[in-house]
There are 2 protein chains.
Amino acid sequence: MKIVLAQHAGFCFGVKRATTMAFEAVEGAQGTICSLGPIIHSPQLVARLAEKGVQVVEQVEDLPDARVIVRSHGVTATELEALQQRGVAIVDATCPFVKKAQEHAALLGREGYDLVLVGEADHPEVQGIVSYARGGAGQVYIVGSRADAEALPACGRIGLVAQTTQSQTNLREVVEVCLGKCRELRVFNTICDATTVRQDEAARIAREVDLMLVIGGHNSANTNRLASISLALQPRTYHVETAAELRPEWFFGVDSVGITAGASTPRWIIDEVVESVAKLGK
Amino acid sequence: MKIVLAQHAGFCFGVKRATTMAFEAVEGAQGTICSLGPIIHSPQLVARLAEKGVQVVEQVEDLPDARVIVRSHGVTATELEALQQRGVAIVDATCPFVKKAQEHAALLGREGYDLVLVGEADHPEVQGIVSYARGGAGQVYIVGSRADAEALPACGRIGLVAQTTQSQTNLREVVEVCLGKCRELRVFNTICDATTVRQDEAARIAREVDLMLVIGGHNSANTNRLASISLALQPRTYHVETAAELRPEWFFGVDSVGITAGASTPRWIIDEVVESVAKLGK
């Protein structure tokens, strides 16, 4: 059985940076260290960090008096303020591309645009980004799809920002709809290059193989999106978090398997999956 | 023979305004009065104004020492400056929507965007609008179509403005392409509502009738666009400037005729065409 492993699979720049910062912080730590929410959407990596002593806390008010790591997805403006008021030492592992999106949202809010964020309403990255536009004169809307965009009211000026892991196609469709809703449309294309590169490569491989595996946290937005892009092109697409989820019957009569992984999937998990698939194919 | 006359045919707000200003100016004129270029793209109306004493001059340097009417399409920043330096009295009949597009172009130029103007490169309105962005840090590009947009280089920040008589479809396509060429795309949708309303109605009527007539100057951008929108839906579409161009053989076996007219087509010309068609259909 042929295995086609995506060249661009696993950790992106922002995740690599956040992970390194977290390990460095915990290794040099004096006393407790906490991460506000899981640092990245990989339960396996979060478990490794927990073994080293990084405790995940969901809300600022639950933090002990400890150093705190801000996860790669960032936090809301209110949470950041609360952290600063608590006076705790902050290790800010927010992905620089997410930070850029937050800054664009803040600018659009200040300049009175209605903000349209293209992304998933309940994702922490999205909640973080839109929080920076609140308090401006404009409204804030989160749209996940063309259908959501079509339900928007007519606006004067729309400022548009995307969750960094969105697909360019989805962004394009929302832009098209918004263009018909306003006189001025200002779009910051904040989709990260790593996202686009991974998505394009996943689509190319999905077309070529008999079966596609997408590895990554089930809570990972970018992995879910990779899986849905692949599924549209290759009905035999499976999203697994680890090698333990692989099932031998998937591979009966399969000659070629494509493998890709989300931006928050550690290398060791990818390697384990590749090894397991190779064994199953023998 | 049934005649379906578009409700939104003929003079738009800007043309009506410019025409009224021109007639008022010439009626109250002391001495010579000139129009820099034809005031609107209707040779018949320009001829009527000429009878009253409005002389069309193409270049500032050819102007006698006279009052000058700036046409509905506006002039370039350089021409306006030259007029001001000449010290002649100016009657500015620039359409307020065109003026708005000029202001947006100026803003985008000042703020360092590369300007993309969606329109016809040799149209005076377009030459006027882009002139206000020149001198900024960014480049200036005029694109007529999706294909033109695809040939653009990658840019950092694109500011986009449209000729007021463009179709929304063409704008949408150029926006889609530009979105893939830059990190920030700021679109001022400067297509005039009157244009959209006329185009939508022309498309609706073109689908319903056996033959479509589009009346307006052969040099009129918005009339040409109405004709091309109609032609795509109704192969029997004819663009005529006056009733004199109608040919009886067009109407053999035709049960219904749709009629629309560009934004610079005077009412009396529309009425003449309707009357002639009614006679031919008897």
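Analyst: A cavity is a set of grid points where a 1.4 Å probe fits but cannot get out, whereas a pocket is an open set. The model is predicted.

The largest cavity holds about 290 Å³ of space. Its lining is made up of 25 residues, and those closest to the centre are Cys12(B), Val15(B), Thr165(B), Asn222(B) and Ala263(B). Four helices of chain B each give two or more residues to this lining: helix 1 (13-27), helix 4 (96-110), helix 8 (193-208) and helix 9 (221-233). Helix 8 of chain B gives the most, with four residues. Sorted by class, the lining of the largest cavity has 11 nonpolar, 12 polar and two charged residues.

The largest pocket has a volume of about 320 Å³. Here 27 residues form the lining, and Cys12(A), Thr164(A), Thr165(A), Asn222(A) and Ala263(A) are the closest to the centre. In chain A, helix 1 (13-27), helix 4, helix 8 (193-208) and helix 9 (221-233) each supply at least two residues of the pocket lining. The most comes from helix 8 of chain A, which gives four residues. The lining of the largest pocket divides into 12 nonpolar, 13 polar and two charged residues.

Helix 4 of chain A, which contributes to that pocket lining, also packs against helix 5 (residues 124-131) of chain A: the two axes come within 7 Å and cross at roughly 35 degrees. From helix 4 of chain A, the residues in contact are Val98(A), Ala101(A), Gln102(A) and Ala105(A), and they meet Glu125(A), Gly128(A) and Ile129(A) of helix 5. This contact has four nonpolar, two polar and one charged residues.

The two chains also meet each other. Chain A and chain B each put 17 residues into the contact. Between them they bury about 1500 Å², of which 48% is on carbon and sulfur atoms. On the chain B side, Leu179(B), Arg183(B) and Asn189(B) lose the most area to chain A, together 39% of what that side buries. Six salt bridges are counted between the chains. In a salt bridge between side chains, Arg186(A) meets Glu184(B) at 2.8 Å, N to O.

Methods
Residues are numbered from 1 along each chain as its sequence is written. Chains are lettered from A and ligands numbered from 1 in the order in which they are written. This is a predicted model: local features need pLDDT of at least 70, side-chain atom pairs count only at pLDDT 80 or more; totals for chains, interfaces and linings use all residues. Side-chain values use heavy atoms; hydrogens and water are left out. Axes are lines fitted to C-alpha atoms, for helices over the stretch in contact, and angles run from 0 to 180 degrees between N-to-C directions. Contact means heavy atoms within 4.5 Å. Ala, Val, Leu, Ile, Met, Phe, Trp, Tyr, Cys and Pro count as nonpolar, Asp, Glu, Lys and Arg as charged, and the others, Gly among them, as polar. On a 1 Å grid over the protein atoms alone, a cavity is a set of points where a 1.4 Å probe fits but cannot get out, and a pocket is an open set with protein on both sides within 12 Å along at least five of seven lines; lining residues have an atom within 4 Å of a point. Grid points are joined across faces, edges and corners, and a volume is the space filled by probe spheres set on the points. Buried area is the accessible area (1.4 Å probe) that two parts lose on being put together, summed over both. A salt bridge is a side-chain nitrogen of Lys or Arg within 4 Å of a carboxyl oxygen of Asp or Glu.
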